[in-house]
Amino acid sequence: MVNTLERHRDGREWLASTLVWIAAALVTATFCWLLGDILWHGLSHISWTFLTAPPQNAGREGGIGPILVSTALILGVCLGVSVPIGVGTAILLAEFTTDANLFGRLTRRSLDVLSGVPSIVLGLFGNAFFCKTLGLGFSILSGGLTLACMVLPVLIRSTEEGFRAVPTGYRLSAAALGLSRTTTLVHLLLPAAVPGLLVGLVLGVGRAMAETAALIFTSGYVDRMPESLLDSGRALSLHIFDLSMNVPGGDANAYASALVLVVLLFAINGTASWLAGHWLHRRIVTI
Amino acid sequence: MKPSTSTPDTQPWFPLEERPICCVPKPFIEVEQLSLHYGQTRAFHDVTLAINQGCITALVGPSGCGKTSFLSSLNRLTDLIPGCRLSGRIRLDGLDVLAPQTDVIHLRRRVGMIFQKPNPFPLSIRKNLEFPLREHGLRDRERLSSTIETGLRDVGLWDEVKDRLDSPALALSGGQQQRLCIARALVLSPDVLLMDEPCSALDPLSSGVVEDLIVGLRGRYTVLIVTHNLAQARRIADYAALFWVQNGAGELIEAGTAKQIFENSREPLTAAYVSGMRG
Amino acid sequence: MTLSSSNTLSRWPTDRLLLWLLRGAAAIAGAIVLLIVAFLVMEALPVLRHVGVARFFTDPSWHPAEGLYNLTPMLWGTLFAMVGSVLIATPLGILSAVFCHYYAPPVVTRPYRKLIELLAGIPSVVYGFWGLVVLVPLIGSIHPPGPSLLAGIVILAIMILPTIALMADASLANMPPQYMRGAAALGLSRWATIRGVVFPAAKSGLFTGVILGTGRAIGETMAILMVCGNVVQTPHSLFDPMRTLTANIALEMAYALGDHRAALFVSGLVLMGMIVALVGAADWISRGRIYG
């Protein structure tokens, strides 16, 4: 009886183990297939010229220079708007509101809902609000502002975490010394919470760069070098989309652009991970 | 019981009668020159001890002497710690515990363990007891419920929880949770119960209840209990063993009957410890 | 910890100013969602007034040029793609996390986790592109045409798997070690412990991961747009091309005017409604579980 029981148990264990390994193998294989494919087809087209020259022949030839510039500008607008608002909100939520505070709770709920809004719906909103109502038209400014809406929840959550990680002792000692809240914030808490902020920033940048749907109807399709923030500009992700769907024969450059985007994003996410692990950990230990 | 006159200023010690009264002493677990290494450090070194069947053996000594590690090596829970190495021999009722071919799951059915902090599973009270039983082969519904009832009666919990067997175990008080954990170990009908300071995380009232329970186990189970509480050890132990840190690792200083350790110790260190002058 | 009683602030004028600045920032952040809903409704109102809500589900088809606004083929597309991808990604994701914590040899754990994190960082347009040039021809060779519901389900599953896996991984990492020790001491085998102790203990985190993944599946636009074929029809087989609500908006917004444009905003509202319903359902289910 003990033997059948043990065989039974061993059989179940073996089955479970096999399924788990198969799942892991499937995931790994898919990943390798995908990345390998992009690397294989894209690497041969990457060159300094590719990264700096303007696209020609609807993008089939030439490079992605203006596109990278547009992407950077859109990102700049996005961060320039979302960082002040985001950090301010995070500070309020972390330092100046208690759990029972109605304003705090409403803001948090609202941000939670915002983080769930599909990106295409944000694009619709951006189109209606920034492009039409505010009259900005298809422009880098519209695109950046729309992305700022998308990036805010991530930024706020991460910065808030950064503030919560600062030990209570700091605030208590500062208050005991008679320092104003502003001084405490600017000189003590903000520097200590910078890791959380940076992580949020980097994550936000990553999210913004990966975004396409929110930009289609806000920043436009134009692939020339933009001259001002009110010019239309094409982001890298949009360029890949256009080349693969609308331009026959654009696959080669699409692969190369995709490789550039993926590498950039890996670098960004890697930095965020490293910051979160290394810096935050060190901060907590050294206190 | 008349209080001893040897230490007039401290609390009265109850005289230790010649224990054990349960049986003819017969070693059930034999440990020979057991050492535990975590990477480069040694938790304990060269411990040789015999644990007698059906009796309560207390492991005493200050913190950090390897008592808990020693306990964990008896049911090979040390296997879970990466980098942990055991050398020496442990024989449990003739079975070589440390041999690679020993079925660890079977071993852990025979040797139950109670931890310092009660750790019932995040399941209902019934499931906490039913799940391990099912895993070890008992599937019949009627036998399951009667085994569960017996287990809960044995630990004195039946009357307290019989109406809410399906409510979460984590909603019980600390003392009840610990008794549930003891029941969970007892329903598997182990031969040995290892207890790592089972009362230290409990309030005094619950602590007393659990202690009475442990005393009631004498004779049916071989109990090994690690405790910091010397008074508790005096109250319940048949045998005792003193661990101490020497040369950077835990070592067994002295082992023997409770009477010997607490009243007529051979080692000066033992006498110093039990009288409260050291540690 | 907050020290927000008013008497600590009254001494310092800068503090007062700071507080109002911060409140302003938070008000802006909090108002965005309200603005979004407001503008969606504003833009959608014209067509809702001319055409009425019922026709969005009862018209013979989606043909805005002829004044037909039935959203149901796209709704089915969204639903099928979501259900299919969640059914595939959930077991794979959870088993991946289980693999990382309980089955992988230590040398494999970190690279595998890194791999999942990298997968999470790949943008949807790249997934869509790969699906378009690799997966769609592959499916096309088995059963023409290539662009299909199946392609959408597979790509979506690959996309939401990292979300589910990473949330599951985080929950498993937070597993109190005393459960594992207690289970080991009772002689429970590895899978028995995982099945009977770990999953019940981690269920809220696992559930959250699945909800997040489902939300992502509903809202995904680019990848679906690139691999599903964009034919307005209710898919009757896995190999039928179809169009989701999201893809619909993306495709037609560029040239939509008047009622057509307003109708697209209506579908935007429907999407928002689906997400709200999802979060509400998740809340309700998890509340039941916590008490139960």
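Let's start with charge. Chain B carries 31 positive and 31 negative side chains, and the centres of those two sets sit 3 Å apart. Keep in mind that this is a predicted model.

Now chain C on the charge question. Here there are 17 positive and 11 negative charges, and their mean positions are 17 Å apart.

Next, the surface. Chain B exposes about 12600 Å². Carbon and sulfur atoms supply 50% of that area. For chain C the accessible surface is about 12000 Å². There, 69% belongs to carbon and sulfur atoms.

On to the folds. Chain B has 10 helices and 10 strands. Its radius of gyration is 19 Å, close to the 19 Å from the globule rule for 279 residues, so chain B is as compact as a globular protein of that length. Along the principal axes, its C-alpha trace spans about 55 × 50 × 35 Å.

Chain C is built from 12 helices and two strands. In sequence order the pattern runs α-α-α-β-β-α-α-α-α-α-α-α-α-α. What does the radius of gyration say about chain C? It comes to 24 Å, well over the 19 Å that the globule rule gives for 292 residues, so chain C is more spread out than a compact globule. Its C-alpha atoms fill a box of roughly 70 × 70 × 35 Å along the principal axes.

Burial and contacts, quickly. In chain B, 53% of the 279 residues are buried. In chain C, buried residues make up 54% of the 292. Now take contacts between residues at least 6 apart in sequence. In chain B, 67% of these join residues at least 24 apart. For chain C the figure is 71%.

Finally, the cores. Which residues touch the most other members of the largest nonpolar core? That core has 223 residues, and the answer is B:Leu152, B:Met195, C:Tyr103 and C:Val126. So much for the list; look at one of them on the screen.

To wrap up: chain B is as compact as a globular protein of its length, while chain C is more spread out than a compact globule. Thanks.

Technical notes. Residues numbered from 1 in each chain as written. Chains lettered and ligands numbered in written order. Predicted model: local features only at pLDDT ≥ 70, side-chain atom pairs only at ≥ 80, totals over all residues. Heavy atoms only, no water. Helix = DSSP H or I, 4+ residues; strand = E, 2+ residues; numbered from the N terminus. Rg over C-alpha atoms; globule rule 2.2 N^0.38 Å. Buried < 20%, exposed > 50% of the residue type's maximum accessible area, 1.4 Å probe, protein only. Contact = heavy atoms within 4.5 Å. Areas by Shrake-Rupley, 256 points an atom, 1.4 Å probe, with all protein chains shown as cover. Lys, Arg positive; Asp, Glu negative; His and termini not counted. Charge placed at Lys NZ, Arg CZ, Asp CG, Glu CD. Core = buried A, V, L, I, M, F, W, Y, C linked by side-chain atoms within 4.5 Å.
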